[in-house]
Amino acid sequence: MLTHPESTLTDVDTWEGSDEKAHKDMDWKSVEQTYDEKNKEWIDSGRLIKMKMTTKEFFKSNNKQFDFVYVDADHHAIWALRDGLDGYSCLKNGGILAFDDYKWGPHMPKLDRPQPGIDAFLVCYANKTTVLERGLQVWLRKIF
């Protein structure tokens, strides 16, 4: 998981799921418990920092800079865009910003899926990033 002895991973999640149909019948307490059990060693060592909150709450209180930000949260376009903007603002120069689920939910209304929000981010930050991958995920490098 973490190869450099001083590296850490900050994981932000509500552990409550979302308003997506697939999440309605899930036992989120059990999902979180399984996560905690599988990652106990990393959490106890302080190298995996579990933040139980929304990304909005996290970014509002965050003052750290990161080498890598992976956006995989609320699938609505506006939240994918917001998480991208917030993630970029705390990314070190040369760092990687990755969006998951770029092509998720093609059958859903446009604003209920991440792609339009990610596309808006790509347009606005075209001169501040280099696209490394654009497929099921979008990976970018911050160039300044």
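**Close-up views of a predicted model**

**View 1. Lining of the largest cavity.** By class, this lining holds six nonpolar, one polar and four charged residues (nonpolar: Ala, Val, Leu, Ile, Met, Phe, Trp, Tyr, Cys and Pro; charged: Asp, Glu, Lys and Arg; polar: the others, Gly among them). The residues concerned are Val 71, Asp 72, Ala 73, Asp 74, His 75, Ala 80, Phe 99, Asp 100, Asp 101, Pro 114 and Ile 118. The volume of the largest cavity is about 50 Å³, and the count comes to one cavity of 30 Å³ or more. On a 1 Å grid over the protein atoms alone, a cavity is a set of points where a 1.4 Å probe fits but cannot get out, a pocket is an open set with protein on both sides within 12 Å along at least five of seven lines, and lining residues have an atom within 4 Å of a point. Points are joined across faces, edges and corners, and a volume is the space filled by probe spheres set on them. The model is predicted: local features need pLDDT of at least 70, side-chain atom pairs count only at pLDDT 80 or more, and totals for chains, interfaces and linings use all residues. Residues are numbered from 1 along each chain as its sequence is written, and side-chain values use heavy atoms, with hydrogens and water left out.

**View 2. The largest pocket.** This pocket has a volume of about 1300 Å³. It is lined by 42 residues, of which Asp 11, Val 12, Thr 55, Tyr 70 and Asp 72 are the closest to its centre. Strand 1 (9-13), helix 1 (28-38), helix 3 (55-61), strand 3 and helix 4 each supply at least two residues of the lining (DSSP runs numbered from the N terminus: helices H or I, at least four residues; strands E, at least two). With six residues, strand 3 gives the most to this lining. By class, the lining of the largest pocket divides into 18 nonpolar, twelve polar and twelve charged residues.

View 3. The strands form an open sheet in the order 3-4-6-5, with mixed pairing (a pair needs at least two DSSP bridges). Strand 3 (66-71) and strand 5 (129-134) are at the edges and have a single partner strand each, so one side of each lacks a neighbour in the sheet. On average, neighbouring strands of this sheet are turned by 15 degrees against each other, direction ignored (axes are lines fitted to C-alpha atoms, for helices over the stretch in contact; angles run from 0 to 180 degrees between N-to-C directions).

**View 4. Hairpin of strands 5 and 6.** Three residues lie between strand 5 and strand 6 in this hairpin. The two strands run antiparallel and are joined by five bridges, strand 6 spanning residues 138-142. Arg 134 has Val 138 of strand 6 as its bridge partner, and Glu 133 stands opposite Trp 139. Helix 5 (residues 115-124) packs on the sheet, touching strand 4, strand 5 and strand 6 (contact: heavy atoms within 4.5 Å). The direction of helix 5 makes about 25 degrees with that of strand 6.

**View 5. Helix 4 against helix 5.** The two axes come within 6 Å and cross at roughly 40 degrees. Helix 4 contributes Ala 77, Ala 80, Leu 81, Gly 84, Leu 85 and Tyr 88 to the contact, and helix 5 contributes Pro 116, Gly 117, Ile 118, Ala 120 and Phe 121. Nine of these contact residues are nonpolar, two are polar and none is charged.
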